[in-house]
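Dear colleague,

Please find below the structure that I am handing over to you. My notes on what was found in it follow directly after it.

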Amino acid sequence: MAKYVAAIDQGTTSTRCMIFNHSGEPAAAHQMEHKQLYPKPGWVEHDPMEIWARTEDVVREAVRKVGASADDIAAVGVTNQRETTVVWDKTTGKPFHNAIVWQDTRTDRICNELAKNGGQDRFRAKVGLPLATYFSGPKIRWILDNVDGVKEAAAKGNALFGNIDTWVIWNLTGGPNGGKHVTDVSNASRTMLMNLETLDWDRDIADTMGVPLSMLPKIASSSEIYGHTKADGPFGGALRVSGDLGDQQAATVGQACFDPGEAKNTYGTGCFMILNTGTKLVPSKSGLLTTLCYKFGNQPAIYALEGSIAITGALVQWLRDNLKLIDSSPEVENLARTVEDNGGIYFVPAFSGLFAPYWRSDARGAIVGLTRYVNRGHFARAALEATAYQTREVLDAMNADSGVDLKALKVDGGMVYNDLLMQFQADVLGVPVIRPKVAETTALGAAYAAGLAVGFWEGTDDMRKNWGMDRRWEPTPGSNASTELYRLWKKAVTRTFDWVEHE
């Protein structure tokens with residue numbers, strides 16, 4: 001009998017494979033980074049072939065570490081950086097262009113052109129999303145318009161689109177030799193092309209955006225058997241590929257947020273808060289996204305409100321790679337602890353514009369409040385505080401839309417091991433912040449979806465039993481983080497508006 005479920009977690013900066021036992025505990029893991037490509041200001045790309053090569057490498061190494069054969073693994077789940085767009089030739093398996101990453105802003109003009117008739121919310125009633133450079137649909141259009149041969153290949157039915165989940169599953173299940181061209185509802189809901197009610201591609205929007213339906217993958221549930229890995233693939237056998245969730249939805253599942261009103265926040269390259277709204281589709285009036293949370297097999301679809309923040313962990317990487325203030329990301333906490341506060345500076349990291357709740361593509365990053373007093377420690381502290389303030393903005397919007405005040409926030413992702421940040425987060429929010437025992441909930445959620453489809457876990461109660469608290473941070477009595485400091489943050493944010501002047 002199989003003892004494990006495997007998860008491939010393909011993120012913005014790295015790819016990992018994690019193998020979990022029935023208790024939801026990691027039995028083995030391996031992770032590798034891939035290159036970040038910046039061809040022009042505002043452009044962010046990845047090499048899809050490098051991502052697939054890294055995927056094969058991390059799978060082989062994780063399987064080697066756990067000492068498992070293919071027979072020991074019940075199923076494989078996939079989770080992914082969402083919105084990142086790949087278009088490839090189905091006959092050769094080669095991409096026509098690098099993947100255009102979710103942070104990329106090159107589709108600004110396409111979005112502005114589409115907004116001339118109906119404004120930024122032109123499609124929001126159907127898809128739950130504003131017109132923004134963040135989403136996949138305009139990126140497909142850009143590739144069709146700007147990359148030689150793609151329109152012709154699409155006309156012949158040879159050009160396939162996928163977010164990274166689709167690219168990985170297609171390659172896992174055979175690539176040019178019978179690979180399954182499929183996505184799940186959570187990823188499809190990030191393209192701006194899927195109707196939230198019908199859970200199918202919207203022909204009218206696709207036509208308006210200039211995207212042929214023939215390029216788009218089949219939309220499936222988040223938990224069903226899509227196909228099997230090839231015997232000569234990295235798993236070394238024919239395993240069922242049966243889970244697919246966008247990374248933030250996967251983390252919501254991994255945190256066992258199965259009841260309406262439960263929420264989690266993931267601290268990664270960006271920051272993403274998701275509130276489960278159950279089978280109810282809740283339109284946002286406060287700048288949030290209405291999105292699919294998950295759909296397990298034939299069960300009803302579960303919806304969510306989401307607040308997306310573009311730059312959080314990526315700001316720490318920027319301090320490391322661009323400014324050379326630190327040698328490794330974990331050092332930022334020690335540097336921030338050399339000072340008692342932010343020295344009066346606020347760092348608004350609008351490198352890709354501002355996402356929720358503003359949706360301002362004209363914004364750019366700013367550091368305000370600089371004086372001669374400020375030193376490296378203040379920069380580190382202000383960078384961490386930016387994550388906490390942006391999360392508060394999203395939480396306020398969530399409370400306004402849902403009418404439910406959050407009592408505590410479950411957190412996960414790489415930054416939750418930064419104790420200084422987590423305490424400040426509790427102070428800014430005014431509610432407890434709770435870290436689970438397994439903080440890598442994104443991979444765990446993908447494993448849950450895959451295992452559920454094949455009976456490895458029987459249902460959500462089975463998964464909820466696995467959740468356990470590791471640490472809890474309470475708000476500091478008398479802290480002014482949620483009042484005076486937050487007021488100054490809001491003032492700083494306004495200084496980033498209107499920086500990019502559109503023609």
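The second largest pocket of this predicted model is lined by 25 residues, and those nearest its centre are Y38, V44, W318, N322 and F351. Its volume is about 660 Å³. Helix 10 provides the largest share of this lining, namely five residues. By type, the lining of the second largest pocket comprises eight nonpolar, eleven polar and six charged residues.

The largest pocket has a volume of about 1,000 Å³. Its lining is made up of 43 residues, of which Y267, G268, T269, G414 and M415 lie nearest the centre. Several elements each supply at least two residues of this lining, among them strand 1 (4-10), strand 2 (14-20), strand 3 (26-33), helix 9 (247-254) and helix 14 (441-453). Helix 10 (313-321) also belongs to that group, and with five residues helix 10 gives the most to the lining of the largest pocket. The 43 residues divide into twelve nonpolar, 21 polar and ten charged.

Rolling a probe the size of a water molecule over the atoms shows where empty space is left. In the whole structure, three cavities of 30 Å³ or more were found. The largest cavity holds about 60 Å³ of space. Its lining consists of I309, V348, L354, F355, A356, Y358, Q390, E393 and W489. Of these lining residues, seven are nonpolar, one is polar and one is charged.

Most residues other than glycine have a negative phi, and most peptide bonds are trans. The peptide bond from A356 to P357, however, is cis, with omega near -5°. A356 is also one of the residues that line the largest cavity. W359 lies in the loop between strand 19 and strand 20 as well. Although W359 is not a glycine, its phi is positive, at about 55°. Is W359 buried or exposed? With 8% relative accessibility, W359 counts as buried, because the cut-off for a buried residue is under 20%.

Another loop, between helix 7 (185-188) and strand 10 (194-195), holds L193 and M192. M192 is not a glycine, yet it has a positive phi of about 75°. M192 is buried, with a relative accessible area of 0%, and L193 is likewise buried, at 0% relative accessibility. Which residues surround L193? Leaving aside residues up to four places away in sequence, L193 touches V127, G137, I140, D200, W201, D202, I205, A206, M209, V211 and L216. L193 and L216 are 23 residues apart along the chain, and their C-alpha atoms are separated by 9.6 Å.

Q10 is found in strand 1 and is buried, with a relative accessible area of 0%. Beyond residues up to four places away in sequence, Q10 touches T15, H34, I51, T79, N80, Q81 and I164. I164 is one of the buried residues of helix 6. Helix 6 (164-172) is mostly covered, with nine of its nine residues buried. G174 follows helix 6 and has a positive phi, near 130°.

Finally, I would draw your attention to a sheet. Strands of a sheet pair through backbone hydrogen bonds, either parallel or antiparallel. This sheet is open and has seven strands in the order 17-18-16-15-21-22-23, with mixed pairing. Strand 17 (289-294) and strand 23 (469-473) stand at its edges; each has a single partner strand, so one side of each is left without a neighbour in the sheet. From one strand to the next, the twist averages 30°. Strand 15 (263-267) and strand 21 (409-412) run parallel and are joined by three bridges. N265 has V411 of strand 21 as its bridge partner. Helix 12 (376-402) lies across strand 15, strand 16 (271-278), strand 18 (302-309) and strand 21, and runs at about 15° to strand 16.

Yours sincerely,

Conventions
Residues are numbered from 1 along each chain as its sequence is written. This is a predicted model: local features need pLDDT of at least 70, side-chain atom pairs count only at pLDDT 80 or more; totals for chains, interfaces and linings use all residues. Side-chain values use heavy atoms; hydrogens and water are left out. Two strands pair if DSSP finds at least two bridges between them. Helices (H or I, at least four residues) and strands (E, at least two) are DSSP runs, numbered from the N terminus. Axes are lines fitted to C-alpha atoms, for helices over the stretch in contact, and angles run from 0 to 180 degrees between N-to-C directions. Contact means heavy atoms within 4.5 Å. Buried means under 20% relative accessible area, exposed over 50%, partly exposed in between (1.4 Å probe, protein chains only). On a 1 Å grid over the protein atoms alone, a cavity is a set of points where a 1.4 Å probe fits but cannot get out, and a pocket is an open set with protein on both sides within 12 Å along at least five of seven lines; lining residues have an atom within 4 Å of a point. Grid points are joined across faces, edges and corners, and a volume is the space filled by probe spheres set on the points. Ala, Val, Leu, Ile, Met, Phe, Trp, Tyr, Cys and Pro count as nonpolar, Asp, Glu, Lys and Arg as charged, and the others, Gly among them, as polar.
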